[in-house]
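Here is a short briefing on a pocket and a few backbone details. Have the structure open as you read along.

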Amino acid sequence: MAVYWVSECIPLVVTSFLPIIILPLTDVLTTSEVCAYYINDALLMFIGSLILAAAVEQSGLHKRLAYAAIRFIGYSHIRLLSAISIVTCFVSMWITNAAATTMMVPITFAILRVFEKQKLVTIYEKDLDGNPLASDITTCYFCAASFSATIGGIGTLVGTATNLAFKGLLMTAYPQAPEDLSFPLFSAFGVPLMILLEIFMFLYFAIVYLGLFRPFSDTAKKLKMAPETIQAAKRAVVEDSKKLGKITFWEIMVIILFGGAIISFFCRSPQLFAGWGDAIINYHNLTDKKFVQDSAMASFVIFLMLFLPSTTTIFKNCTAKYHEDLSKGRIRSVLHWPILIADLPFSFAFLLGGGFALSGAANKSGFNTVIGQTLAGLSGLPNILVLFIIITVVVLVTNLASNVAVATVFCPIAMELASQLNKNPLWYCMAAGFSASFCFMLPVGTPGNLIIQSAANIPTPKMVKAGVGPTITTIIITWLLMSFWAPIIWSDLDVKPAWANNPAA
């Protein structure tokens, strides 16, 4: 399965169903045991996060946020690049990376066309055959959007499927493990990492493509903007943002419901004070601290989104005197089900389920133990070096295959290695899991890169050039924070906890 996932010789989702066929036939797991891995809290939370994000996309709230940020930050190249990076990064914390990148494509094109009219930049260059290819400045803006979406996804548990994948793999391998990857704890590590990665990515792009700190370079001189050019860019953004009109009741409802969901995720069991999940457990005198999970709140908010209206027309119906005064058709809800069903990538849920099933089978069959014993030769290396090896290998491999598939393959190996080295499996699982998201050099690893490559016609060599710097800084920063910041948040990472001695049977 690992070979099929990495090579994608058949669709990833089709590969994900192989455990249902193979594991019962080989007497590793029963059909019922295998199928149970395809529907659990992690999967429902993943689907729930996609649905919550779909409500934001359907209302257009994310576009309003993008235009507002650009108008606030400014219109020079440095300011626009920072605005695009910040907005995409923030939005990607809550919706899929692909959706955040797609949102920025028309906005970026609108800005570049203004600059091109002022003869300041050229959007496309010609290759030897006369075909249009993205110029360096176009590559800069679009890669900044895609890379920022990738970085933003690590800020919250629902930011990208990879996060829920490695959390689910940890809980599958060690059912008795405490909920160390709760929403608050995850973000306590993810947000500082996200901010540092975003800063260094922006600096790399600004120095290489915009001439930052190189005022006398040809790049800086060429991109210097006259006041009239800045005003032209400002008018273009203002005109496009005016097309959105005033904020709608629909967007207000999304802000309330989506914002309420995020706050509820943080407040379920924050460990700083008693959350609503703790209150339910105490009320029923339960001992299972994981009795109520975030998927319960996600499901409740989704129900409200499908139940509550997106317009105030329903209130007018309450005051109608005659039948003719009532609405002629159905009143659209905050979340429109037909569009959701048509656009939602449900198939990724099966990819996660296949990974969980494979991880469970590897534990029960003893395969993970064999892998761990094979890697036991690393026990003589310092822990800080082992972390560096894990992060570097996974970052390089994830440029060649799907992020979720890479996490599914490497996280169980990393956890077994941690067990063999008498470390907390959470530590190495996070190192592999976070690193699996960082695809910056090639388009095949993440949908965002494919989107900008097809939209802006960016050649792969130019994407590699744009991604080399962020890849290097990402490896170094992730390694440093995983080595020194993670042990502050999770104080028991350097020892093998008792629950790690009882993996899933």
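The largest pocket has a volume of about 530 Å³. A pocket here is an open set of points on a 1 Å grid over the protein atoms alone, where a 1.4 Å probe fits, with protein on both sides within 12 Å along at least five of seven lines. Its volume is the space filled by probe spheres set on the points, which are joined across faces, edges and corners. This is a predicted model, in which local features need pLDDT of at least 70 and side-chain atom pairs pLDDT 80 or more, while totals for chains, interfaces and linings use all residues. Residues are numbered from 1 along each chain as its sequence is written, and side-chain values use heavy atoms, without hydrogens and water.

**Pocket lining**
- The lining counts 31 residues (those with an atom within 4 Å of a point), and T160, A161, F348, V404 and P447 lie nearest the centre of the pocket.
- Helices (DSSP runs of H or I, at least four residues, numbered from the N terminus) that each supply at least two lining residues include α2 (12-16), α8 (97-117), α10 (161-173) and α24 (447-456).
- With four residues, α5 gives the largest share of the lining.
- By class, 18 lining residues are nonpolar, 12 polar and one charged; Ala, Val, Leu, Ile, Met, Phe, Trp, Tyr, Cys and Pro count as nonpolar, Asp, Glu, Lys and Arg as charged, and the others, Gly among them, as polar.

**Positive phi**
- Most residues other than glycine have a negative phi.
- F213 has a positive phi of about 70° and sits in the loop between α11 (183-210) and α12 (218-222).
- N422 has a positive phi of about 60°, in the loop between α22 and α23 (425-435).
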